[in-house]
Amino acid sequence: EDLRRDSVLVVATLGYGRGDDEAYRQSPSGYMARRLAMVDQIVRRVRADVLVPALDPDEAGTRALGRVKAAWWHDYFEQSAALAHRLRPRTRVALNASSFTPSDSALYAWGERQPGIDLLGFSVAPSFGGGASLEARLRLAERWMRRSRKEQWIFSARGFPRTFGEGNQERAIWGVVAWATSQAKVRAVIVDGAGDYDMVVGLRAPGGRLRPAATTVARAR
């Protein structure tokens, strides 16, 4: 509530938990009902301004659940959007791409056609190819956006300081922000994340030290 009074936008992303793969295999419909119950809680109790019903479906979703049929994702996003809009019409529902694979492209294109999906966007980070891979993903994102009429967000811009070094984490985040500000359709960039939790990607190291990327974010603002 303190954050909300300070005019901060609240963005809620529903991720995955232990045992989700088994729950999905046993009953895809039952697992969907469980996630929709969580969407209900998030909208009623958190009153998120933006709801992302599934974290990176074709990347984190695949790691957590295994291969999921596109039709299941379509049904889940449609039901999530309808539920969120019924409970709180002000909540905007988003779908984001992250793997930049053909299946990810197809899901993004599907989201463009759905009236219940209010926002589209991307999670972007270097892969094994480092900066070259990040640039390739940004070029693909730009190509996909050309056909879109919807507002775009970068839902996660991050680097990997342990893998590539803190200097490259700083350069990766700056590169994404610089690219995003040159795209008229991109209206927000979320830097992931504040500190290290389940991944070493934070602006603050576990001991409390601010990494150089924190200065870059302040400069970018």
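Glu-151 is partly exposed, with a relative accessible area of 25%; the term covers values between buried, under 20%, and exposed, over 50% (1.4 Å probe, protein chains only). Its side chain meets that of Arg-92 in a salt bridge, at 3.4 Å from N to O, where a salt bridge is a side-chain nitrogen of Lys or Arg within 4 Å of a carboxyl oxygen of Asp or Glu. The model is a predicted one, in which local features need pLDDT of at least 70 and side-chain atom pairs count only at pLDDT 80 or more, while totals for chains, interfaces and linings use all residues. Residues are numbered from 1 along each chain as its sequence is written, and side-chain values use heavy atoms, with hydrogens and water left out.

**Salt bridges**

- The structure holds 11 salt bridges.
- Strands (E, at least two residues) and helices (H or I, at least four) are DSSP runs, numbered from the N terminus.
- Arg-92 counts as partly exposed because its relative accessibility is 29%.
- Glu-166 forms a salt bridge with Arg-209, the closest N and O atoms being 2.7 Å apart. This pair also joins distant parts of the chain: Glu-166 belongs to helix α9 (residues 166–181), and Arg-209 to the loop between β6 and α10 (212–220), 43 residues apart.
- Glu-166 is partly exposed at 23% relative accessibility, and Arg-209 is partly exposed at 44%.
- A network of salt bridges links Glu-166, Asp-196, Arg-209 and Arg-211.
- Arg-67 and Asp-58 meet through their side chains in a salt bridge of 3.8 Å, N to O. Arg-67 counts as exposed, at 59% relative accessibility, whereas Asp-58 is buried, with a relative accessible area of 15%.

**The sheet**

- Six strands form an open sheet in the order β1-β2-β3-β4-β5-β6, with parallel pairing. Two strands pair if DSSP finds at least two bridges between them.
- The edge strands, each pairing on one side only, are β1 (11–13) and β6 (186–191).
- From one strand to the next, the twist averages 25°. Such angles run from 0 to 180 degrees between N-to-C directions, with axes being lines fitted to C-alpha atoms, for helices over the stretch in contact.
- Strand β3 (residues 92–97) pairs with strand β4 (residues 119–124) in the parallel sense over four bridges; Asn-96 has Gly-121 of β4 as its bridge partner.
- Strand β2 (residues 50–52) and β3 pair in the parallel sense over two bridges; in β3, Val-93 is the bridge partner of Leu-51.
- β3 is mostly covered, as five of its six residues are buried.
- Helix α6 (residues 102–113) lies across β3, β4 and β5 (151–157), running at about 155° to β3.

**Nonpolar cores**

- A nonpolar core is a set of buried Ala, Val, Leu, Ile, Met, Phe, Trp, Tyr and Cys residues joined through side-chain atoms within 4.5 Å.
- The largest nonpolar core has 47 residues, and those with the most contacts inside it are Trp-73, Tyr-76, Phe-122 and Ile-154. Helix α5 (residues 70–87) supplies the largest share of this core, seven residues.
- Apart from this core lies another, of seven residues, including Val-50, Val-52, Ala-94 and Ala-188.
- Leaving aside neighbours within four places in sequence, Trp-73 is in contact with Tyr-16, Ala-54, Pro-57, Gly-61, Leu-65, Val-68 and Leu-107; contact means heavy atoms within 4.5 Å.
- In soluble globular proteins, nonpolar side chains tend to be buried together.

**Buried charged residues**

- Arg-137 is found in helix α7 (residues 131–146).
- Arg-137 is buried yet has no salt bridge, and the nearest side chain of opposite charge, Glu-59, is 4.3 Å away. For charge, Lys and Arg count as positive and Asp and Glu as negative, while His and the chain ends are not counted.
- Not counting residues up to four places away in sequence, Arg-137 touches Glu-59, Ser-98, Ser-99, Phe-100, Ala-125 and Ser-127.
- Asp-49 lies in the loop between α3 (28–46) and β2, and counts as buried because its relative accessibility is 14%.
- Beyond its neighbours within four places in sequence, Asp-49 is in contact with residues including Arg-4, Arg-88, Arg-90 and Arg-92.
- Asp-49 and Val-186 are 137 residues apart in sequence and 17 Å apart in space, C-alpha to C-alpha.
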